[in-house]
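Good morning, everyone, and thank you for coming.

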Amino acid sequence: MWWNARHMEAAASERRVWKVVPGLSKLATYAIVIVALCAAWEGYKWLWETTGWTWPFLVDDTTMPHLWDILKAFGEPVTTGGPALIHPLLDAAWFTAKEAIAGFVLGAVVGFALAVLLVHSRLLERGLLPYIVASQTVPILAIAPMVVIGLGSKGVEGWKAVAVLAAYLTFFPVAINALRGLQSADPRAFELMESYASSRWSILWRLRVPASLPYLFTALKISATASVIGAIIGETPASIQEGLGGAIVNFNQYYSLQPTFLWATNIVCAVLGLVLFGAVALTERLVLRRAPEHYA
Amino acid sequence: MRGRGDSVVSIQTLTKSFSTGVTALQDIDLEIAPGEFISLIGPSGCGKSTLLRVIGDLVEPTSGTLRVNGKTAHQARVDHDYGIVFQDAVLYDWRTVQRNVSLPLELLGWDRAKRKERVREMLELVELTGFESSRPWQLSGGMQQRVSIARALSFDPALLLMDEPFGALDEMTRERLNMELLRIWEKSGSTVVFVTHSIPEAVFLSTRVVVMSARPGRIAATIDVDLRQPRGGETREDARFFELVTEVREALAAGHGEAAGGRSSSVEELF
C-alpha cells in the first residue's frame with residue numbers, strides 16, 4: 001500500500017498549495033474555463049470546416065473567425081492610416097460605461113425607493129406592482145426613440161437619455177428584490193421593534209434595510225450587466241455614434257469584409273459588463289460581513 | 001390578596017377571539033405584583049403565548065381590561081416598560097453582540113458613552129464579557145439567548161416578558177440558564193412573565209405558576225411556589241419541589257378535563 005500512501009501525501013500537499021496562495025485555485029478554474037471555451041470554438045470551427053458540415057450554419061472565416069485573428073484585430077487600423085481599433089473601442093467603451101453607470105445608479109435609486117414605498121402600503125403594492133411588471137414587457141426598442149426625442153427636446157444630452165433607458169432595465173430587478181428583502185426579516189424581529197414602540201422610520205432603517213441587503217445585492221448584480229445591455233440597445237435607436245452600440249451598428253455593416261472587428265467589439269462589451277458586475281460583487285463583500293451562508 | 005393599585009399587571013375578564021372564530025383566551029383574571037416571577041404553563045393552544053402578547057400590547061384583546069403599571073398596555077409600550085425574549089434569540093446578524101444589546105438604548109436616544117457603559121454592565125451580568133465584538137452566528141444557542149436577555153434588560157423595563165426562552169435549548173444548557181435567570185432576576189428586581197412547556201422549569205423559577213387549559217384558553221389554577229429563595233441546585237432535590245411539580249401536573253391534568261381517577265396515574269407518569 002506504499003503507493004497509495006504516497007498518492008495521498010501528494011494529493012494533500014497539492015491541496016496545501018491551493019490553500020497557501022489564496023485565490024489560486026479560483027484563478028486556475030477561470031483559466032481552465034477560458035482555455036476550454038477557446039478550444040471549443042476552434043475545435044468546432046476545425047471540425048465543421050474539414051468535414052464540410054453546414055448545419056446549422058456554414059462555418060468559415062467570416063462566420064467564425066479564428067480567435068487569434070479577433071485578438072489581432074485590436075491592433076489593426078479601422079481606416080487606412082487611422083489609429084488601431086483598440087483606441088476607438090476604448091473610447092466607445094468609456095462613453096457607454098458612463099451611460100450604463102448613470103443608468104445603473106438611477107435605476108437602483110428609483111427601484112429601491114419604489115420598494116420602500118410599496119412595502120409601507122399594501123394598497124400601493126397591489127395597485128402599482130402589476131404596472132411595474134407590465135413596464136418590463138414593453139420592449140426597450142419601442143420606448144427608446146420616445147425617450148431620446150422627448151428628453152432631447154428639453155435639451156438633455158443624448159447620453160443622458162440613454163442612461164434613462166438603461167435605468168428602465170435596471171430599476172425592475174432592484175424594485176422586486178428589494179421589496180422581497182424589506183419584508184424578509186423574522187416576524188419576531190418586527191415584534192421586538194414594536195415592543196420598543198419604534199417608529200416606522202426606525203424599523204425601516206434598523207431592521208428592514210439591513211435585512212434587505214443580501215437581496216439588494218443580488219438584484220444589483222443582475223442590474224449591473226443589464227445596465228450595459230440597456231445602454232448599448234438604447235444608443236441604436238437614438239442614433240448615438242460615440243458608444244459601443246454605435247460601434248456595433250457600424251461594424252455590422254462591414255461584417256462581410258471585416259468580421260473580426262465586430263467580434264472584437266463584442267469582447268469589449270462583455271468585459272465592460274464583467275467589470276461592472278465585479279465592482280458590485282466587490283462592494284457586496286465589503287458591505288456584507290455576515291455568516292458565510294449569507295453570501296449569494 | 002394583592003391590591004390592584006400597585007400591581008404591575010392587572011387583568012380582569014379579558015377575552016381574545018380571533019377572526020377565525022377561535023377563542024384563544026376567555027375570562028382571564030390575573031394580578032401580578034412588582035418583583036413577582038410568574039410562569040404561564042399549559043398545553044399547546046391554551047393561549048399562553050397569546051396572553052403574553054396581549055400583556056405586551058402586541059395583540060389586541062377583544063374585551064376586558066388590562067392595565068400595566070396603572071396605564072394602558074399601549075401607553076406602557078410607548079413608555080418602554082417591556083423587555084421581550086423570544087424562543088429564538090432574534091439577534092440581528094448584521095450587528096455585533098454589543099450593538100445588539102444596545103439596540104433598545106439607541107432607540108431610547110441614549111448617548112454613546114452611556115450606551116457603552118450599560119452594555120458593558122449587561123454583558124458582565126450575563127457573563128459574556130469578551131464577546132462584545134462577536135457576531136451572533138459565532139455564538140452557541142445558549143450564548144445567543146443570554147445576549148437576548150441582556151438586550152431585554154438593558155433599559156430596565158418594568159416587565160420582562162419571556163416566551164419559552166429556553167425551549168429550543170438542550171436540557172443541560174436549559175438548567176444552567178434557569179440558574180442564571182434567577183440570579184439576574186434577583187439582581188435586577190424586575191417582574192417576569194415566563195411562558196413555558198416545562199413543569200420543573202416553571203416550579204423552579206417562579207413565585208407563582210399560572211396553569212392554563214385549552215379551548216378556550218382559561219386559567220385552570222394558580223399555584224403559589226413557596227420554595228426558599230435564593231434557589232439553587234439543591235432546590236431541585238427538595239421534597240417540596242416534587243410536591244409542587246406534582247401539584248402543577250395534577251392541575252394541568254384536571255384542566256384537560258380528566259376524571260379524579262386520572263390524578264394518581266398522572267403522578268405516576270412523572271416518576
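This is a predicted model: local features need pLDDT of at least 70, side-chain atom pairs count only at pLDDT 80 or more; totals for chains, interfaces and linings use all residues.

What share of the contacts in chain A with a separation of 6 or more comes from residues 24 or more positions apart? Those residues account for 76% of them, where two residues are in contact if their C-beta atoms, placed from the backbone, lie within 7 Å. Residues are numbered from 1 along each chain as its sequence is written, and chains are lettered from A and ligands numbered from 1 in the order in which they are written.

Let me stay with chain A, which has 11 helices and zero strands; helices (H or I, at least four residues) and strands (E, at least two) are DSSP runs, numbered from the N terminus. Of its 296 residues, 32% are buried, and a residue is called buried if 20 or more other C-beta atoms, placed from the backbone, lie within 10 Å of its own. After helix α6 of chain A, residues 140–153, comes A:Gly155, whose phi is positive, near 85°.

Now to chain B, where six strands form an open sheet of mixed pairing, in the order β5-β6-β7-β3-β8-β9; two strands pair if DSSP finds at least two bridges between them. The edge strands of this sheet are β5 and β9 of chain B, and each pairs on one side only. Further in, β6 (159–163) and β7 (191–196) of chain B run parallel and are joined by five bridges, and B:Leu161 has B:Val193 in β7(B) as its bridge partner.

Finally, which residues build the contact between the two chains? Chain B gives 15 residues and chain A gives 14 residues, and on the side of chain B, α2 (73–78), β5 (82–85) and α4 (103–107) each supply at least two.

How values were computed: A residue is buried if 20 or more other C-beta atoms lie within 10 Å of its own, exposed if 12 or fewer, and partly exposed in between; C-beta atoms are placed from the backbone. The expected span of a helix is 1.5 Å times one less than its number of residues.
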